[in-house]
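Come along and follow the entries with me.

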Amino acid sequence: MNGNIENILESRNVKFNLSEDELINIAIEKENAMLASNGALSINTGKYTGRSPHDRFIVKEDLVKNNINWNSQNKAISKEDFDKLSKTVIDYIENKELYVFEGFVGSDQKYRMPLRVINELSSQNLFAKQMFIENMDKDNDFKNDFTVIAVPNLKIEPEHYNLNSEAFIVISFEKRVVLIGGTKYSGEIKKSMFTVMNYLLPFKNVLPMHCSANRGQNGDVALFFGLSGTGKTTLSADNDRKLIGDDEHGFTENGVFNFEGGCYAKCIDLSEEKEPQIYNAIRKGSIIENVVLDENTKDPNYSDNRYTENTRAAFPITHIEDAILDGKGEIPKNIIFLTADATGVLPPISKLTKEQAMYHFMSGYTSKLAGTERGIKEPMATFSACFGEPFMLLEPQVYAKLLGEKIEKYNLNVFLVNTGWTGGEYGVGNRINLRYTRNMVRAALNGELESVDYIKDNIFNLSMPVKCNGVPEEILNPVNTWDDKERYYERANELAYNFKENFKKFNISEKIIIAS
């Protein structure tokens, strides 16, 4: 297959490493894209406005078949079916105009992966250019370690390849290639390579993490774990702290490093008042996906969800003021686990022991929010191991063990923060005020919560601070915010039961089970 690709890439129809302006102009001329009033390139991804987790497959090859945690998230495809699909993709792109990005996944030179992304759409190649790390050494021949081929306009008959639909995301570790087709949702490109790094790095004693990271004025690094929609990007983009990265990182013996060179932020209901860094980052060179534009002014309407709740903006990290451009930080001091609890029973903030941290990391509880995946219309409770199960190919215990070792070795503080509902479950209560959440997170990172008293939650065994500057004391204990106390205990006990039932699938230390 590699030989075929190399032959195709020698064609005159293939454009390598085009500039931002060149890609934008092609997208406007040929791909029905347009410029928003703020200068961002506006595109519509059509039917697919979120990830398609049921369409992601791993080729069952000798190199990986005994290591991967095969389950409903990590589905296998045979080598024979993959070879048939590869031929179809190669035949499709053979005479097409293609756009190629060459760069890296990972800002740490010791662990980064050279990457080549081949696109049939210039807008998706611009996405790759903004999301990954460019190769600045143009004088030397670029030798890629992995290749992504994205062909959203390819139409296939899925039954011919034993796939689930016309959309497919297929990863081969032996061939070092990712094939993506049938979907224009650009997030599949970045998440496929995140998945690849999540498989490879633990073998190098590096913890890959679905988290954002930032650094305070004193050099202290904080990590924010959470699924899409829980607030990773929002809470880590803080004017008082410098952003390292918003989604994907590695934790090495020297510190943390960003996998990416850009940010891919949800922008539903985005406003300059609530999220100034993200709002102001969306300008020339950025891409906005499925955002409604005013017909006359071309102003983005971030509150209009007619296409999807999962409206997105992709932009280089250089668009974030005072971001850490080398993508690296010291050993973290604090870890924040974010969950959007739609039942409204988890405390807005609680401090965790090492065992509790491993328990909640492996549980990965949250509520999937509307639009992050196809078919999600309202919050849906879910347990996603490591706060990123769709991207974790190894057993969750592998990642949890690495996390526990680092918490113990570096004496890290770990907090569980609920960015979801208070005063009642979804439909009754309200989303926790973002200002309060910011104040709680800042108090945790500044060390203010080290000197306050804590009380125990009897259902979840969580330690809740009794006060926090800038936060009404009554909301710190969720039961205080419910009018219907009987309903609170009913829902809390239901959630606690679900936690325990979910955790039964893990073969893990009794200490961690007791910590629950």
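How are H8 and H11 oriented to each other? I kept in mind that this is a predicted model. I looked up the angle between helix H8 (residues 354-363) and helix H11 (residues 485-503), and it is about 85°, with the axes 10 Å apart. H8 and H11 are therefore roughly perpendicular to each other, since angles of 65 to 115 degrees count that way. On the H8 side I found Tyr359, His360, Met362 and Ser363 in the contact, and on the H11 side Phe499, Lys500, Asn502 and Phe503. I sorted these residues into four nonpolar, three polar and one charged.

Next entry: the sheet. I traced an open sheet of five strands in the order E2-E3-E18-E21-E17, with mixed pairing. Strand E2 (34-35) and strand E17 (262-266) each have a single partner strand, so one side of each has no neighbour in the sheet. I then followed E18 and E21, which run antiparallel and are joined by three bridges. Ile287 stands opposite Ala314 in E21.

Last entry: the rings. I noted 27 aromatic pairs in the structure. For Phe173 and Tyr199, the ring centres are 4.6 Å apart and the planes at 45°, so I wrote the pair down as tilted. Phe173 sits in the loop between strands E10 and E11 and Tyr199 in helix H5, so the pair ties together parts 26 residues apart in sequence. Are these two buried or exposed? Both Phe173 and Tyr199 are buried. I also found one aromatic cluster, whose members include Tyr359, Phe499 and Phe503; I had already met these three in the contact of H8 with H11.

Notes
Residues are numbered from 1 along each chain as its sequence is written. This is a predicted model: local features need pLDDT of at least 70, side-chain atom pairs count only at pLDDT 80 or more; totals for chains, interfaces and linings use all residues. Side-chain values use heavy atoms; hydrogens and water are left out. Axes are lines fitted to C-alpha atoms, for helices over the stretch in contact, and angles run from 0 to 180 degrees between N-to-C directions. Helices (H or I, at least four residues) and strands (E, at least two) are DSSP runs, numbered from the N terminus. Angles under 35 degrees count as roughly parallel, over 145 as roughly antiparallel, 65 to 115 as roughly perpendicular and the rest as oblique. Contact means heavy atoms within 4.5 Å. Ala, Val, Leu, Ile, Met, Phe, Trp, Tyr, Cys and Pro count as nonpolar, Asp, Glu, Lys and Arg as charged, and the others, Gly among them, as polar. Two strands pair if DSSP finds at least two bridges between them. Rings of Phe, Tyr and Trp (its six-membered ring) pair if their centres lie within 6.5 Å; planes under 30 degrees apart count as stacked, over 60 as edge-to-face and the rest as tilted. Buried means under 20% relative accessible area, exposed over 50%, partly exposed in between (1.4 Å probe, protein chains only).
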